[in-house]
Amino acid sequence: MVLEKERISDHILWANINRPKALNAIDFEVMQQLEDLVKEIENDERIRVFILSGAGEKFFVSGGDLKKFHTIKSKEKAVGKAKRMQDLLLRIEQLPCWTIAVVNGDAYGGGIELMLAFDFRLSKPGVKFGFTQGRFYLVPGWGGLTRLVEKVGRAKALEWLGKSVVTDAHQVLAHGLIEHILPGESLQKEVLEWTENLTKNDRKFIQIIKEGADRYSAANRKEALDAEVEPFSKLWVDEQHINRVEKFMKKRSK
């Protein structure tokens, strides 16, 4: 299993992406197991908090698995993959429970898109956040551009993505991308202490407050999310993207 899960209590489920040799990158197997887990959470009324982290201490999620996804050579298949991942992240975002991404290691590209679909983001100190899709001649395709603008504003989102910035936890906290930096000495204990008060009310309450918070932007937001798929897929099959990925993989294999 590339997705380990632990029932911390009746109300808290903690899952861990366990692909440390691949830097916890998202591949088709991770996608499938996340889809299965989200379905389980959707149907389990007892779960009030869903927590996700990455295995080990070096990476939360390093992005999409370029080695696995590089087999996609057509624009149509790139659209299909992007839509599938975007649908998954939208389901996570709409879960009738609180969701927390525990950024226990570095997060790059698609890893940032994944954490942005969660209600809250907690980080260890010293973690790096890399908005690096541009290095591979790509733009976010999983809804990350829309969500990043929502979190940090248009100008900062454009700067980070345009410059392919890699920055630290204190910088992203200052711009509101994450909610809290944990001490990092006893991670699970610190996360559960931060989470404790979120378990007090049932899912009916949680769903009502989350839907209310989303209502302000619901009219145009789906269009904005859908609009990310086309340019992402167009660049996915562009020679510049293909060449940069091949160059990156050759460097990794040495």
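Predicted model: local features only at pLDDT ≥ 70, side-chain atom pairs only at ≥ 80, totals over all residues.
**Notes on the sheet, the salt bridges and a charged patch**

1. Trp14 itself belongs to strand β2.

2. Residues are numbered from 1 along each chain as its sequence is written, and side-chain values use heavy atoms, with hydrogens and water left out.

3. Back to those two strands. β2 covers residues 12-17 and β3 covers residues 49-54, and they pair in the parallel sense over six bridges. Two strands count as paired if DSSP finds at least two bridges between them. Asn16 is in on this too, with Ser53 as its bridge partner in β3.

4. Now zoom out to the whole sheet. It is open, has six strands in the order β1-β2-β3-β5-β7-β10, and its pairing is mixed. β1 (3-7) and β10 (180-181) stand at the edges with a single partner strand each, so one side of each has no neighbour in the sheet.

5. How many of the six residues of β3 are buried? Six of the six are, so β3 is largely enclosed by the rest of the structure. Buried means under 20% relative accessible area, exposed means over 50%, and partly exposed lies in between (1.4 Å probe, protein chains only). In a regular strand, side chains alternate between the two faces of the sheet. In β3, Val49, Ile51 and Ser53 point one way, while Phe50, Leu52 and Gly54 point the other way.

6. On to charges: the structure holds 18 salt bridges. To count, a side-chain nitrogen of Lys or Arg must be within 4 Å of a carboxyl oxygen of Asp or Glu. One of them joins Arg19 and Asp27, with the closest N and O atoms 3.5 Å apart. Arg19 is buried at 13% relative accessible area, and Asp27 is buried at 2%. A network of salt bridges links Arg19, Asp27, Asp65 and Lys68.

7. Another salt bridge, between Glu93 and Arg147, has its closest N and O atoms 2.9 Å apart. Glu93 sits in helix α3 (residues 75-93) and Arg147 in helix α5 (residues 144-152), so to speak a link between distant parts of the chain, 54 residues apart. Both Glu93 and Arg147 are buried.

8. Glu45 and Arg203 also meet in a salt bridge (3.7 Å, N to O). Glu45 lies in the loop between α1 (28-43) and β3, and Arg203 lies in helix α9 (residues 203-214), 158 residues apart. Is each one buried or exposed? Glu45 is exposed at 57% relative accessible area, whereas Arg203 is buried at 3%.

9. Last point: Lys251, in helix α12 (residues 239-253), counts as exposed because its relative accessibility is 61%.

Conventions. Helix = DSSP H or I, 4+ residues; strand = E, 2+ residues; numbered from the N terminus.
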